[in-house]
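Take a walk through this fold with the viewer open.

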Amino acid sequence: MIVTGPRQTGKTTLVQQVLGKLDRPSHYVAVDEPETTVLPPVPDLEGVTPEFAEFQIDPLGGPRGARWLVRKWELARMAAERSDRGFVLAIDEIQKIPNWSEAVKGLWDADRLHDRLLHVVLLGSAPLLMQHGLSESLAGRYETVRLMHWSFAEMAAAFGFDLHRYVYFGGYPGSAPLVAEQGRWRAYVSEALIEPNIERDILAMQRVDKPALLKRLFQLGAEYSGQILSYNKMLGQLQDAGNTTTLARYMDLLSNAGLIAGLPKYAAGIHRRRSSSPKLNVLNTSLMAIASGYAFEEAMADRSHWGRLVESAVGAHLFNTGIPEYHLHYWRENGCEVDFVLARGRRLVAFEVKSGARRPRTSGLEQFAQRFDVQASVVVGTGGVPLSEFLSTPASEWFDTP
C-alpha cells in the first residue's frame, strides 16, 4: 500500500494509529529520522527482538540507501515467518531513498513468489517523485491512499473551526492549535510547512535550475490566487529572463507538492487547454492568508480580498477532493466567465462562486451550458448552495446528482 500526499496532512499519524489497532505485529520506521536508540521489543514474536535491535542503532545518521531498505525488509520477513498472523512493515518518507522503487519491486516480487505473509505500507510526502517511482517500477503492485488538505467538515469536527476561520486559516491540522495566537500561527505555517515543502519536497528531490524563480513563483501564486495570469505576465512580474516552459514546469512541481495549482482554461481541444493562461489557485487557503499580510479580522474587512479567499477555498476543495479522477478548469470567453469547471471524462459540472463581495452574475454559467454538454450548473454561496455545505461535499458527489 502507498500512502501519499502533501506534507502535514496526517499521513504518519493515520498509519501509526492504524498499526496500533491491528491484530498483527508491525514495525514503523522513518527514513529521514536518525535511529540512535534500540526500539522496544516487537510483541508476541519470540526470537525476533535481537535481530531488530541489531539494526536499530545508526550512529552515523545521514541518508539511507537501498542497503538500509533491504536490511529492514529482511528483518520484517523474519518477523513474518515467526507469526501466524503475518507482519506489517511501514516505511515513512520512502522517496528519500535513491532508486527506492527498483529495490521495492525486487523485494516485493520475491515475497509474492515465496507467498510470505508480509504486508508493506510506504509513505511519501513528495507526490510527484512518488508517482514517478510507482509508474516506472511498481505498476500493478500497489494500492494508493491519497491524503490531501483537510476539508471544512474535518477541521470543524477535529478543531471546532467555523466557516470563516476555515476560509482564512485553511486545512493544515498541525497549525490549528495556534490560530488564537496569529503571530505563532503565521510563523508555524511559514517555517514548518511552506519552507520544508519547497526545500525538502521540491528542491531537494527535483532538478530545479532556478530555485529562486520557483520560490518567487510560489509567492506570486499565493498573492494572485483566484486570478487568471498568463505565463508571460508572470515572467514580467517575476523580473526573470526564464521562459514560459520553465515556469509551467515549476507550476506543476508546486501543484504536485500540494501548494499552488495553475488551472487551465476549459476548451474542446486538449492543445488549447495546455496553451491557455492559467488561473492561479492555492490548494490551502492558509498560504494565501500568509502571503496577504492580513490578520484574520483585516482579511474579513477587505471585501474584495475576502471574496478571492472564498473563491480560492472553493477551488482548493474541488481540486483536493477530486484528484486524480477529476480535472479542474476555469472558462472565460467574450466577457463571460465560469469560476470552475470540473471534468470527469466528457462529463462536466460548472461552478460559479458568489461570496457577497462580488457582483452577482450567472451569465457565464448560461453561456457555458449553451456551448458544452453540462451535467449540472452550480451556484455556490449567495442564492445557491451554502458555502458550508459545499465545502463539506466531495467533488464526486456533484456527478451523482441528477
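The salt bridges come to 14 in this predicted model. Side chains of opposite charge can pair when their charged atoms come close. Begin with Arg7 and Asp201. Their side chains meet in a salt bridge, 2.7 Å from N to O. Arg7 sits in the loop between strand 1 (2–4) and helix 1, while Asp201 belongs to helix 8 (residues 182–203). That puts the partners 194 residues apart, so this pair links distant parts of the chain.

Now find Glu333 and Lys265. They form a salt bridge too, with the closest N and O atoms 2.9 Å apart. Glu333 is in strand 8 (residues 327–333). Lys265 is in the loop between strand 6 (260–263) and helix 12 (270–274). The two are 68 residues apart, and again the pair links distant parts of the chain. Buried means under 20% relative accessible area. At 17%, Lys265 therefore counts as buried. Glu333 has 21%, so it is partly exposed.

Glu311 and Lys279 give another bridge, 2.5 Å from N to O. Glu311 lies in helix 15 and Lys279 in strand 7 (residues 279–282), so the pair ties together parts that are 32 residues apart in sequence. Glu311 is buried, and so is Lys279. Lys279 has a second contact to look at. Its charged end sits over the ring of Phe340, 4.3 Å from the ring centre.

Some bridges join up. Glu74, Arg77, Asp111 and Arg116 are linked in a network of salt bridges. A charge over a ring also turns up at Arg112. This residue lies over the face of Trp108, at 4.1 Å from the ring centre.

Turn next to rings that meet rings. A pair of aromatic rings is described by the distance of the centres and the angle of the planes. The structure holds 17 aromatic pairs. One of them is formed by Tyr168 and Phe169. What is the geometry of this pair? The centres are 4.7 Å apart and the planes stand at 85°, which makes the pair edge-to-face. Tyr168 has 0% relative accessibility, so it counts as buried. Phe169 is also buried, because its relative accessible area is 2%. Both rings belong to a cluster. Ring pairs link Trp150, Phe159, Phe161, Tyr168, Phe169, Trp185 and Phe296.

Go on to the open space. Rolling a probe the size of a water molecule over the atoms shows where empty space is left. The second largest pocket holds about 780 Å³. Its lining has 29 residues, and those closest to the centre are Gln8, Thr9, Gly10, Lys11 and Leu147. Helix 1 (11–21), strand 2 (26–30) and helix 15 (303–322) each give two or more residues to this lining. Which element contributes the largest share of the lining? It is helix 1, with six residues. By class, the lining has nine nonpolar, twelve polar and eight charged residues.

Find it in the loop between helix 4 (100–113) and strand 4. Asp115 counts as exposed, because its relative accessibility is 66%.

Follow the chain into strand 4 (residues 118–124), where Leu123 is found. Leu123 has a relative accessible area of 0%, so it is buried. Glu93 is 30 residues away from Leu123 in sequence, but the two C-alpha atoms are 5.5 Å apart in space.

Finish at the peptide bond between Ile323 and Pro324. This bond is cis, with omega about 0°. Pro324 is found in the loop between helix 15 and strand 8.

Key. Residues are numbered from 1 along each chain as its sequence is written. This is a predicted model: local features need pLDDT of at least 70, side-chain atom pairs count only at pLDDT 80 or more; totals for chains, interfaces and linings use all residues. Side-chain values use heavy atoms; hydrogens and water are left out. On a 1 Å grid over the protein atoms alone, a cavity is a set of points where a 1.4 Å probe fits but cannot get out, and a pocket is an open set with protein on both sides within 12 Å along at least five of seven lines; lining residues have an atom within 4 Å of a point. Grid points are joined across faces, edges and corners, and a volume is the space filled by probe spheres set on the points. Helices (H or I, at least four residues) and strands (E, at least two) are DSSP runs, numbered from the N terminus. Ala, Val, Leu, Ile, Met, Phe, Trp, Tyr, Cys and Pro count as nonpolar, Asp, Glu, Lys and Arg as charged, and the others, Gly among them, as polar. Rings of Phe, Tyr and Trp (its six-membered ring) pair if their centres lie within 6.5 Å; planes under 30 degrees apart count as stacked, over 60 as edge-to-face and the rest as tilted. Buried means under 20% relative accessible area, exposed over 50%, partly exposed in between (1.4 Å probe, protein chains only). A charge sits over a ring if NZ of Lys or CZ of Arg is within 6 Å of the ring centre and within 35 degrees of the ring normal. A salt bridge is a side-chain nitrogen of Lys or Arg within 4 Å of a carboxyl oxygen of Asp or Glu.
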